[in-house]
Amino acid sequence: MPSAEDTSVHQHQERSVVRPTHQDEVAAAGSELIGGRSGRWARFGGTALTPVAVVALVALGMFALGMVQKLPCYNWAWFRGASSQYTHACYSDIPHLFAARGFSDGLVPYFDRLPGDMQYLEYPVLTGVFMQVASWLTPGGSLQYREQLYWMVNAGMLMICAVIIAVCVARTHRRRPWDGLLVALAPAFALTATINWDLLAVALTAAAMLMWSRGRALAFGILIGLATAAKLYPVFLLGPVFVLCWRAGKWRELGMATLGAAASWLVVNLPVMALAPEGWKKFYTFSEERGIDFGSFWLIITQRTGEGIEVSTVNTVSTLTTVLLCAAIGALALTAPRRPRFAQLAFLVVAAFILVNKVYSPQYVLWLIPLAALARPRWRDFLIWQACEVLYFLGIWLYLAYTTSGDKHQGLPTEGYQLAIALHLLGTLYLCAVVVRDVLMPERDVVRRDGSDDPSGGVLDGAPDAFVLGRAAHPPEHAHAMVEGPRVEWGAGRGPVAD
């Protein structure tokens, strides 16, 4: 029998957990599929499944559905010409690179030179380690059999990453564990999870954000460094940490995070950098030399005008635009009426990088999904964006089917693919716009409606400002401009203050 103290703790947890079905009309409507909104007899945290456990199980189920969606390719389409894997929208880099990057022949990434145009593995070191471990776990047999099993082994390892991501998002905002369902149920997450190895970096980034929310700056930095050793984009999260710590005067935590990131990145990269410098730098030289590719607005420009753009020009303009956008986000952080939440700025900087990049592979959406769930946990906006991403997912494969089907021209012509790219760009810009609106109008931020400051902010949560610009020193006094409720003193504490 549970003690009276345990019962009291469980009752407090039940009262403190924010239930989206009571605040979000889309979540409430969706809950009708499973019996309607949770009522006062629903138990969370007792003997029943906890919200985090439910999120983890849903993530497993959706990941499995994503694997089922790849079955036509697993059974035959990967091995019978290019067009079939595109018409079935089940393409994956994983089985193709098993042989193309030397894993089937036992070559060591970065150290052994590859035959063909790609001389060395073009992935960051930690991703290369992930790929190598999967190849060690792949049994022998015919090449096709080994490619199938290599994808299956990788899928199993990536499934672990997917659960880690969903659980970390569910635990980052203590009172909002159900926001993890945004990640677990995201259709683009299931569709793109096994295209490439991006989930490794996404899992490390999600774990880093969880550590930051718990005030563990060094652990955050170490995980960001490891994530950057798997994919480049996580390093951008140090930018929001910098401007937010500047505004709050938390220089010690900023230093710990930065040193931790640099140290862990070096620990992973230094051995390969020293012993196989040519193989190590391939990722960076390939990224620089890569031309305009799928999914970018640059591709629309070149296709519409019929004129090419020099790679050096694209690199320069993209870099400068990214710097300017990040500077604008930094200015927003220092001038907003209330210090923005960490997740909001993290989403904006990664989205800015994606929007101006010269390539947008369909799996890049995985970078944004956990950040979007924390930055704007509202189902309507999230699903609008996801719909655009699913349409882009279908659009790129149908366009590739069109270009590889010869005279048959089965699939989506160039103009249709350009529309798919535009939808992806507009969907991402829409979500950026509502996040920026929440920053400028904190009373519209659903996370802050209960008087919370920055649940994912760790040491920043509730901290007073030390440096501000413009009118930032005069935050709004009321949080019920849109929703009736008690007055909120932003950053003054963990909850609302009654009049």
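Reply: Let's begin with Leu 469, which sits in the segment after α22, the helix spanning 414–440. Keep in mind as we go that this is a predicted model.

Staying in the segment after α22, we come to Asp 465. Which residue does Asp 465 pair with in a salt bridge? The partner is Arg 247, and the closest N and O atoms are 3.1 Å apart. Because Arg 247 belongs to helix α13 while Asp 465 lies in the segment after α22, this pair ties together parts that are 218 residues apart in sequence. The two partners can be described by their accessibility as well: Asp 465 is partly exposed at 31%, whereas Arg 247 is buried, with a relative accessible area of 0%. Side chains of opposite charge can pair when their charged atoms come close. Here the pairing extends into a network of salt bridges that links Arg 247 and Asp 465 with Arg 338, Arg 339, Arg 448 and Asp 453.

The count of salt bridges comes to 17. One of them joins the side chains of Lys 231 and Asp 198, at 3.6 Å from N to O. Lys 231 lies in the loop between α12 (217–228) and α13 (238–248), and Asp 198 in helix α11 (residues 198–213), so the pair ties together parts 33 residues apart in sequence. Both Lys 231 and Asp 198 are buried. Another salt bridge brings together the side chains of Asp 381 and Arg 380, again given from N to O, at 3.1 Å. Asp 381 is buried at 0% relative accessibility, while Arg 380 is partly exposed at 36%.

In soluble globular proteins, nonpolar side chains tend to be buried together. The largest nonpolar core here has 141 residues, and Leu 199, Phe 220 and Phe 347 touch the most other members. Helix α8 (residues 143–172) gives the most to this core, with 14 residues. What does Phe 347 touch, leaving aside residues up to four places away in sequence? Its contacts are Leu 368, Leu 371, Ala 372, Ala 375, Leu 431, Cys 432 and Val 435.

Notes
Residues are numbered from 1 along each chain as its sequence is written. This is a predicted model: local features need pLDDT of at least 70, side-chain atom pairs count only at pLDDT 80 or more; totals for chains, interfaces and linings use all residues. Side-chain values use heavy atoms; hydrogens and water are left out. Helices (H or I, at least four residues) and strands (E, at least two) are DSSP runs, numbered from the N terminus. A nonpolar core is a set of buried Ala, Val, Leu, Ile, Met, Phe, Trp, Tyr and Cys residues joined through side-chain atoms within 4.5 Å. Buried means under 20% relative accessible area, exposed over 50%, partly exposed in between (1.4 Å probe, protein chains only). Contact means heavy atoms within 4.5 Å. A salt bridge is a side-chain nitrogen of Lys or Arg within 4 Å of a carboxyl oxygen of Asp or Glu.
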